[in-house]
Amino acid sequence: MIPQHRRAFGIGAREALGVPAAVLGAGFLGYGSLAADAGYSIWMTLAATFAIWALPGQLVLMEMQAGDAAVAATVLAVSLSAARFFPMTLTLMPVMRDGGSKRPIWQFLLAAQLVSMTTWAVAMRRFNDPDLKDLESRWHYFLGFSAVCIGSAALFAMIGQLLLVALPPLARYGLALLTPLYFFVTLVGEAQSRSAFTALVCGAATALALHTVAPGWSLLGAGFIGGTAAFLLQRKHARRV
Amino acid sequence: MRDASELWLLLLACGAATYLWRGLGVLLSGRINPQSAMFEWVSCVAYALVAGLIARIIVIPSGLLGQTALMDRLLACAVAFIAYRLARRNMFVGLISGVAFFIGAGYVRTVIV
């Protein structure tokens, strides 16, 4: 690595080390504790974190596994929960590749596994700055930033897993509620538009209603019914404007 | 419960199914419009699915959380969200307030009962 690239990697790593790593850490601390409660080994927790690298998908897998849902339904639901990655890599690749990157495409296909909501949002913002103008610096910055994010997630997931056993019962409950709270605050905080709010309410209501009839399919039902309702509302609204 | 090797296979399949979106984005970048209607629909589905997941974990949890009171879980969510907004969207303030409330409420229940 030439010094300029090592510097870009270092800048990425340092910038991840503050709030991004801490927020991810909180989410994965709770995930580790839920994983321990669900009977995961520490290896399974780490493997899920590295292989899926998307907290919602990891929770969908855990929740549906615990309910003994059909394999096809589980894989489909995990995949759909990660659909946001498609527009993310779609918009990230031009700013990392276009303009003559010499790197072969397989390297970008590998780097795509590192993309998460946090890494994507920061990369899209930071790549406009003058210190990350050339593509090689962007590449190394992205690797540095992602490495710290994944490292923090894995570390906190392990801590959560070990803590759950060590803590007294009341604190254990608090730890187990951490990740659901994290998502509750994020989802409700993000639901600014009427269509997002519709997706939220319809998704939640469908999941709960279907739970008694077909628990293994309730999350997919929530996605399709809540999502379609929100989509139609969004279309209707867009046409009127 | 399935046996361990089945769980690992399921985990790998879920990893691959998640990667699909990431890899497709790399391959189709520049050739497809990220604002198409099909895509809008898929992202609405993803959002509603995660909303359903969180509703399920909070209202009808399995395991440890199943031993706690529904009212405490719901109030903890409200406390976390209000604290988050009061602290100008600070996630840590929200989470710590929610968890602290939840533990406190659980403690009060053990004392009263």
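Predicted model: local features only at pLDDT ≥ 70, side-chain atom pairs only at ≥ 80, totals over all residues.
For chain A, the assignment gives domain 1 (3–176) and domain 2 (191–241), and the C-alpha centres of domain 1 of chain A and domain 2 of chain A lie 26 Å apart. Where these two domains meet, 9 residues of domain 1 of chain A are in contact with 6 residues of domain 2 of chain A. On the domain 1 side of that contact, α4 and α5 of chain A each supply at least two residues, and the largest share, 4 residues, comes from α5(A). By class, this side of domain 1 of chain A has 8 nonpolar residues, 1 polar residue and no charged residues.

The contact between the chains takes 80 residues from chain A and 65 residues from chain B. On the side of chain A that touches chain B, helix α10 (residues 169–190) of chain A gives the most, with 17 residues, and the classes on that side divide into 58 nonpolar, 18 polar and 4 charged residues.

One helix pair that joins the two chains is formed by helix α4 (residues 55–66) of chain A and helix α1 (residues 4–28) of chain B, which pack at an angle of about 145° with their axes 11 Å apart. The crossing in which α4(A) passes α1(B) is right-handed. From α4(A) the contact draws on A:G57, A:L61 and A:Q65, while α1(B) brings B:L7, B:L10, B:C14 and B:T18; by class, these residues are 4 nonpolar, 3 polar and no charged.

The largest nonpolar core has 113 residues, of which A:L181, B:A48, B:L49, B:A51, B:I54 and B:A80 touch the most other members. Helix α2 (residues 37–59) of chain B gives the most to this core, with 14 residues. For B:A80, leaving aside residues up to four places away in sequence, the residues touched are A:L181, A:F184 and A:V185 in chain A, together with B:G94, B:L95, B:S97 and B:G98 in chain B.

A:A111 and A:F142 are 31 residues apart in sequence, and their C-alpha atoms are 8.7 Å apart in space.

Most residues other than glycine have a negative phi. A:D68, although not a glycine, has a positive phi of about 55°, and B:R89, likewise not a glycine, has a positive phi of about 60°. The table sets out the location and surroundings of each.

| Residue | Phi | Location | C-beta atoms within 10 Å |
|---|---|---|---|
| A:D68 | about 55° | loop between α4 and α5 (71–81) of chain A | 11 other C-beta atoms within 10 Å |
| B:R89 | about 60° | loop between α3 (70–86) and α4 (91–112) of chain B | 11 other C-beta atoms within 10 Å |

A:D68 is exposed because its count of 11 other C-beta atoms within 10 Å falls under the cut-off of 12 or fewer. B:R89, with 11 other C-beta atoms within 10 Å, is exposed.

Note on methods
Residues numbered from 1 in each chain as written. Chains lettered and ligands numbered in written order. Core = buried A, V, L, I, M, F, W, Y, C linked by C-beta atoms within 7 Å. Buried ≥ 20, exposed ≤ 12 C-beta atoms within 10 Å, placed from the backbone. Contact = placed C-beta atoms within 7 Å. Axes fitted to C-alpha atoms, helices over the stretch in contact; angles between N-to-C directions. Left-handed = near helix turned anticlockwise from the far one by under 90°. Nonpolar A, V, L, I, M, F, W, Y, C, P; charged D, E, K, R; others polar. Domains from an automatic or database assignment.
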